[in-house]
Amino acid sequence: MIAVTGATGQLGTLVIEALLKTVPANQIIAAVRTPSKAKAFADKGVQVREADYARPETLASAFSGATKVLLISGNEVGQRVPQHKAVIDAAKKAGVQLLAYTSLLKADTTGLLLGTEHVATEQYLQASGVPYSLLRNGWYTENITPGIAPALQQGAFIGATKEGRIAAATRAEYAAAAAAVLTGEGHENTIYELAGDNAFTRAEFAAEVSKQTGKTIGYHDLPEQEYAAILATFLPHGMAPILADAEAKAANGALDDNSHTLSKLIGHPTAPFADAIADALKAL
Ligand SMILES: NC(=O)c1ccc[n+]([C@@H]2O[C@H](COP(=O)([O-])OP(=O)(O)OC[C@H]3O[C@@H](n4cnc5c(N)ncnc54)[C@H](OP(=O)(O)O)[C@@H]3O)[C@@H](O)[C@H]2O)c1
């Protein structure tokens with residue numbers, strides 16, 4: 001049986017959908033903080049079990065019978081190390097044969113603030129003795145497409161990446177990679193740097209939006225602090241400096257990758273970013 005934590009989140013939902021293509025529903029465990037949110041999975045025959053990272057007592061039974069577990073990193077930044085450790089401890093007690101963890105692209109070398117909790121989790125997992133697969137996910141394309149509507153209103157995107165390239169991929173592509181690892185063989189003790197095939201600068205992204213809309217949309221690169229101050233007007237507390245730091249370090253390649261590991265795992269190239277722009281424009 002394969003268990004997926006955080007299965008009611010955006011990535012988790014796509015992982016369950018990807019697994020359902022090849023795995024019988026009753027062999028999938030949606031391990032979720034709020035089982036009432038997982039009714040759609042239960043209706044399909046997926047086993048829904050409570051698994052709250054902050055309540056280790058819920059984790060003990062969540063992985064019973066599971067041979068493989070996907071730990072989807074939580075979204076409570078600052079709380080995640082003890083939360084993830086609790087999941088790893090529970091998976092170890094349950095005797096799982098593979099624990100895959102959604103980490104961050106080049107987590108151990110880029111120095112991103114966002115990477116700190118991922119590195120701590122990776123180290124704990126690697127020291128645990130549980131066979132692991134580190135799925136170091138790059139930037140989601142969906143981090144960038146919500147900026148299209150405001151850019152169309154204001155005539156420009158803002159960011160702090162300078163000419164840095166972002167090898168983004170969609171959540172569905174990262175989900176397909178996770179499903180491939182969970183259903184495949186030989187992924188024990190592996191580290192995968194996962195990113196899209198077609199990296200772009202923010203200026204290139206703006207140029208593609210201009211091409212598809214027929215409007216001239218520019219890109220204004222801002223100093224990190226200035227960009228963080230703007231992000232702080234709408235992001236949850238504490239996230240603005242963390243995301244501005246990621247943008248600034250992307251100028252030096254922190255969000256770029258040319259290994260094509262993601263497309264090799266999923267068996268086809270990742271979609272061009274022009275497709276994500278077209279989809280986002282259709283949804284406006
Ligand atoms: N690579 C990137 O660009 C990028 C961008 C954003 C986030 N991320 C990371 O990737 C993860 C998955 O992305 P996403 O888009 O699916 O995020 P998401 O939609 O926010 O989902 C996060 C999931 O984590 C679950 N969760 C949070 N705290 C939990 C807890 N204490 N116990 C159990 N479950 C808990 C949430 O449960 P509920 O459904 O109950 O809320 C939710 O299912 C994020 O959590 C974050 O670590 C990566």
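This is a predicted model: local features need pLDDT of at least 70, side-chain atom pairs count only at pLDDT 80 or more; totals for chains, interfaces and linings use all residues.
Two elements give two or more residues to it: helix 1 (10–20) and helix 4 (80–94). There are 24 residues around the ligand, and those that come nearest are Thr 8, Leu 11, Ser 73, Asn 143 and Arg 171. Sorted by class, the shell has seven nonpolar, 11 polar and six charged residues.

Next come the salt bridges. The whole structure has 13 of them. In one, the side chains of Glu 117 and Arg 80 meet, with an N to O distance of 2.9 Å. Glu 117 lies in helix 5 (residues 115–128) and Arg 80 in helix 4, so this pair ties together parts that are 37 residues apart in sequence. Residues under 20% relative accessible area count as buried. Glu 117 therefore counts as buried, at 11% relative accessibility, and Arg 80 counts as buried because its value is 5%.

Another salt bridge joins the side chains of Arg 136 and Glu 193, at 2.7 Å from N to O. Arg 136 is in strand 6 (residues 132–137) and Glu 193 in strand 8 (residues 190–194), so the bridge links distant parts of the chain, 57 residues apart. Arg 136 counts as buried, at 5% relative accessibility.

Glu 247 and Arg 202 form a further salt bridge, in which the closest N and O atoms are 2.6 Å apart. This pair also links distant parts of the chain: Glu 247 belongs to helix 10 (residues 239–250) and Arg 202 to helix 8 (residues 202–213), 45 residues apart. Both residues, Glu 247 and Arg 202, are buried. Elsewhere, salt bridges that share partners join Glu 50, Asp 52, Arg 55 and Glu 57 into one network.

The last stop is the surface. Ile 158, Ile 230 and Phe 234 form a nonpolar patch there, with about 270 Å² of accessible area together. Ile 230 lies in helix 9 (residues 224–231) and counts as partly exposed because its relative accessibility is 33%.

Methods. Residues are numbered from 1 along each chain as its sequence is written. Side-chain values use heavy atoms; hydrogens and water are left out. A residue is near a molecule or strand if one of its heavy atoms lies within 4 Å of it. Helices (H or I, at least four residues) and strands (E, at least two) are DSSP runs, numbered from the N terminus. Ala, Val, Leu, Ile, Met, Phe, Trp, Tyr, Cys and Pro count as nonpolar, Asp, Glu, Lys and Arg as charged, and the others, Gly among them, as polar. Patches are made of residues with over 30% relative accessible area and no salt bridge: like charges are joined within 9 Å, nonpolar side chains (Val, Leu, Ile, Met, Phe, Trp, Tyr) within 5 Å. Accessible areas come from the Shrake-Rupley method with a 1.4 Å probe; for residues, only the protein chains shown count as cover. A salt bridge is a side-chain nitrogen of Lys or Arg within 4 Å of a carboxyl oxygen of Asp or Glu. Buried means under 20% relative accessible area, exposed over 50%, partly exposed in between (1.4 Å probe, protein chains only).
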